[in-house]
Amino acid sequence: MKSSAAEAVQLLEKMMLIRAYEEHLASLQASGHFPMTCSPQGQEASAVGVVSALDADDTILTNHRSAGHLLARGADPGRVMAEVMGKATGYCKGKSGSLHISAKELGVVLTSTIVGGELSMVTGVALAKKMLAEAGVVVCFFGDGAACEGIFHESLNLASVWQLPILYVCENNQWQAFVRRKETMAVEYIAPWGNSYAMANQTVNGNDVLAVQAATRHAVAHIKATGTPYLLETWTYRQRGHYSGDNMAHISASEQAPWLVLDPIAQCRQQLTADGTLTPALLADIETRVAAEIARASEFAHASPYPAAAELLTDVYA
Ligand SMILES: Cc1ncc(C[n+]2csc(CCOP(=O)(O)OP(=O)(O)O)c2C)c(N)n1
């Protein structure tokens with residue numbers, strides 16, 4: 001199923017919102033008075049392409065680069081920002097920060113900062129869904145570094161044996177913290193590793209939002225038709241450092257340049273302009289809306305209170 005022109009514009013706007021959110025956070029972090037985060041800048045097409053192909057009853061588990069997934073799912077940027085700042089109005093009442101945020105009402109049940117933690121949890125979440133005969137698939141976002149851990153193989157093996165409704169999404173952004181993917185992998189692509197577990201798989205251009213959306217729709221249809229999991233690899237690039245304190249001194253301009261040409265938002269804009277869908281007036285409207293939304297979000301987060309001291313031991317297990 002192809003997306004309509006109107007839907008493609010919505011995808012562009014969502015990607016621009018995520019970019020603007022990240023740029024705003026980076027400017028606050030540069031002042032030195034804002035918590036650190038792991039930015040998904042450059043990976044917007046992967047987040048928006050996958051999440052836009054999901055239904056409301058689908059569940060998401062994600063990793064330390066989760067802001068794009070949350071915003072793509074419709075999270076309020078003000079509440080996400082408030083959570084990062086430890087404010088009471090955040091999605092987890094300020095107790096998670098950026099690295100553990102969840103938003104149950106959106107079906108985002110876990111952000112794992114333990115690399116591969118989401119891969120260990122997803123089999124349990126999906127098994128529960130299957131045993132309770134609940135509709136929907138469970139999506140697990142993780143990076144190429146997580147795919148190089150043993151838990152990736154354990155998770156895929158069990159999901160295949162137990163026939164769990166899991167869409168594994170490996171966002172292959174070419175970096176694993178401060179290590180190049182090429183230094184830890186003997187092969188180029190992760191998707192074919194699914195073959196070892198009899199799991200259908202595909203690598204898609206992760207900077208092309210419509211291609212990611214189409215690949216996700218195909219994968220979800222496969223999961224629903226066969227009752228078996230699917231491994232989707234989105235081939236993309238992290239445009240910022242591993243975390244906000246990383247000055248990227250170890251990454252050359254010549255490495256970054258070709259990827260910046262392939263920027264997912266610039267490419268989508270060019271495509272929609274070329275086919276006559278995106279006019280200068282429409283683009284200006286979107287830019288104005290996005291800027292207003294981020295300004296509102298920041299104002300909300302900054303004005304929000306910190307949790308009261310009495311909240312210290314609420315909502316915790318021990
Ligand atoms: C089990 C574990 N080992 C190491 C770390 C430190 N660490 C945080 S993110 C990261 C790199 C993860 O790389 P990848 O899975 O490719 O995700 P990306 O950061 O590229 O999105 C590492 C090593 C951690 N959080 N957890």
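## Ligand, central strand and cavity

An oxygen atom of the ligand is 3.2 Å from a polar backbone atom of D144. This model is predicted.

**Around the ligand**

How many residues surround the ligand? There are 15. The closest are H64, R65, T113, G145 and W175. One of these, H64, places a polar side-chain atom 2.7 Å from an oxygen atom of the ligand.

| Residue | Atom of the residue | Atom of the ligand | Distance |
|---|---|---|---|
| H64 | polar side-chain atom | oxygen | 2.7 Å |
| D144 | polar backbone atom | oxygen | 3.2 Å |

**Strand β3**

Strand β3 covers residues 138-143. Why is β3 described as largely enclosed by the rest of the structure? 6 of its 6 residues are buried, so the rest of the structure largely encloses it. Buried here means under 20% relative accessible area.

The side chains of a strand can be sorted by direction. V138, C140 and F142 point one way from β3. V139, F141 and G143 point the other way. Both sets are buried.

Which strands pair with β3? One is β1, residues 59-63, which runs parallel to β3 and is joined to it by 3 bridges. Another is β4, residues 166-172, which pairs with β3 in the parallel sense over 6 bridges.

V139 is itself a buried residue of β3.

**The cavity**

The count comes to 1 cavity of 30 Å³ or more. The largest cavity has a volume of about 100 Å³. Its lining is made up of 14 residues. Nearest its centre lie T37, S66, A67, V84 and S98.

Which helices each supply at least two residues of this lining? They are α1 (5-30), α3 (67-72) and α4 (77-84). Helix α1 gives the most, with 3 residues.

What classes of residue line the largest cavity? The lining has 9 nonpolar, 4 polar and 1 charged residues.

How values were computed
Residues are numbered from 1 along each chain as its sequence is written. This is a predicted model: local features need pLDDT of at least 70, side-chain atom pairs count only at pLDDT 80 or more; totals for chains, interfaces and linings use all residues. Side-chain values use heavy atoms; hydrogens and water are left out. On a 1 Å grid over the protein atoms alone, a cavity is a set of points where a 1.4 Å probe fits but cannot get out, and a pocket is an open set with protein on both sides within 12 Å along at least five of seven lines; lining residues have an atom within 4 Å of a point. Grid points are joined across faces, edges and corners, and a volume is the space filled by probe spheres set on the points. Helices (H or I, at least four residues) and strands (E, at least two) are DSSP runs, numbered from the N terminus. Ala, Val, Leu, Ile, Met, Phe, Trp, Tyr, Cys and Pro count as nonpolar, Asp, Glu, Lys and Arg as charged, and the others, Gly among them, as polar. Buried means under 20% relative accessible area, exposed over 50%, partly exposed in between (1.4 Å probe, protein chains only). Two strands pair if DSSP finds at least two bridges between them. A residue is near a molecule or strand if one of its heavy atoms lies within 4 Å of it. A polar contact is a pair of N or O atoms within 3.5 Å; within protein, one must be able to donate a hydrogen and the other to accept it, and residues adjacent in sequence count only if both atoms are side-chain atoms.
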